[in-house]
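Notebook, side-chain contacts. I wanted to go through the charged pairs and then the aromatic rings.

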Amino acid sequence: MADADASRAGSPFPNTRWTLIEEVRGGGAVGERALAELCAIYWYPVYAYARRGGPALPDAEDIAQGFFAHLLARGDLPKARRAARGRLRSFLLAALKHYIIDLHRKQSAQKRGGGATFIPIDG
């Protein structure tokens, strides 16, 4: 948890702890603990990035929580590779940007009547 506190003081994204990623890939109880630690370390930087986009405090928290739920549901975090994709923070930022864009599209579609059933006026 000290890494999460350190990330608030200095760089927005902490240095990647690849040993945790390896533990996540290993699965089991150790993998679950490592996954929880990674989410705790990166939650605040993800939240801070979402907050910079202008949403209200609770909305930014929802974005951060939804992003991690989306990332975990897709199983993307264990797929991160040290050499192949560069830094984990770059991967997370790109994924977060795509998530926010998709979220905005879905919300805009709802505002325009997305998912509504249309009833013809002329009988």
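Is Glu37 buried, exposed or partly exposed? I looked up its relative accessible area and got 22%, so Glu37 is partly exposed. The classes I used are buried for under 20% relative accessible area, exposed for over 50%, and partly exposed in between, with a 1.4 Å probe and protein chains only.

Ground rules, noted before going on. This is a predicted model, in which local features need pLDDT of at least 70 and side-chain atom pairs count only at pLDDT 80 or more, while totals for chains, interfaces and linings use all residues. Residues are numbered from 1 along each chain as its sequence is written, and side-chain values use heavy atoms, with hydrogens and water left out.

Entry 1, salt bridges. I searched the whole structure and found five salt bridges. The criterion is a side-chain nitrogen of Lys or Arg within 4 Å of a carboxyl oxygen of Asp or Glu.

I stayed with Glu37 to begin with. Its side chain meets that of Arg33 in a salt bridge, at 3.2 Å from N to O. Both residues lie in helix H3 (residues 28–52), four residues apart, about one turn of the helix. Helices here are DSSP runs (H or I, at least four residues), numbered from the N terminus. I get 42% relative accessibility for Arg33, so Arg33 counts as partly exposed.

Next I checked helix H2 (residues 18–26), which holds both Arg25 and Glu22. The closest N and O atoms of this salt bridge are 2.4 Å apart. Arg25 and Glu22 are three residues apart, again about one turn of the helix. Arg25 is partly exposed at 26%, and Glu22 is partly exposed at 47%.

Then I turned to helix H5 (residues 88–111), where Arg105 and Asp102 are three residues apart and therefore separated by about one helical turn. Their side chains form a salt bridge with an N to O distance of 3.4 Å. I find Arg105 exposed, at 55% relative accessibility. Asp102 has 35% and counts as partly exposed. I also looked for salt bridges that share partners, and these join Arg17, Glu23, Arg33 and Glu37 into one network.

A pair of aromatic rings is described by the distance of the centres and the angle of the planes. I paired rings of Phe, Tyr and Trp (its six-membered ring) with centres within 6.5 Å; planes under 30 degrees apart count as stacked, over 60 as edge-to-face and the rest as tilted. The count comes to four aromatic pairs.

Why is the pair of Trp43 and Tyr47 stacked? I found the ring centres 5.1 Å apart and the planes at 5°, so the pair is stacked. Trp43 and Tyr47 are four residues apart in helix H3, which means about one helical turn between them. Trp43 is partly exposed at 22%, whereas Tyr47 is buried at 10%.

I then took Tyr44 with Tyr47, whose ring centres are 5.9 Å apart with planes at 50°, so this pair is tilted. The two tyrosines, Tyr44 and Tyr47, are three residues apart in helix H3, and about one helical turn separates them. I noted 29% relative accessibility for Tyr44, which is partly exposed. Ring pairs link Trp43, Tyr44 and Tyr47 into a cluster.
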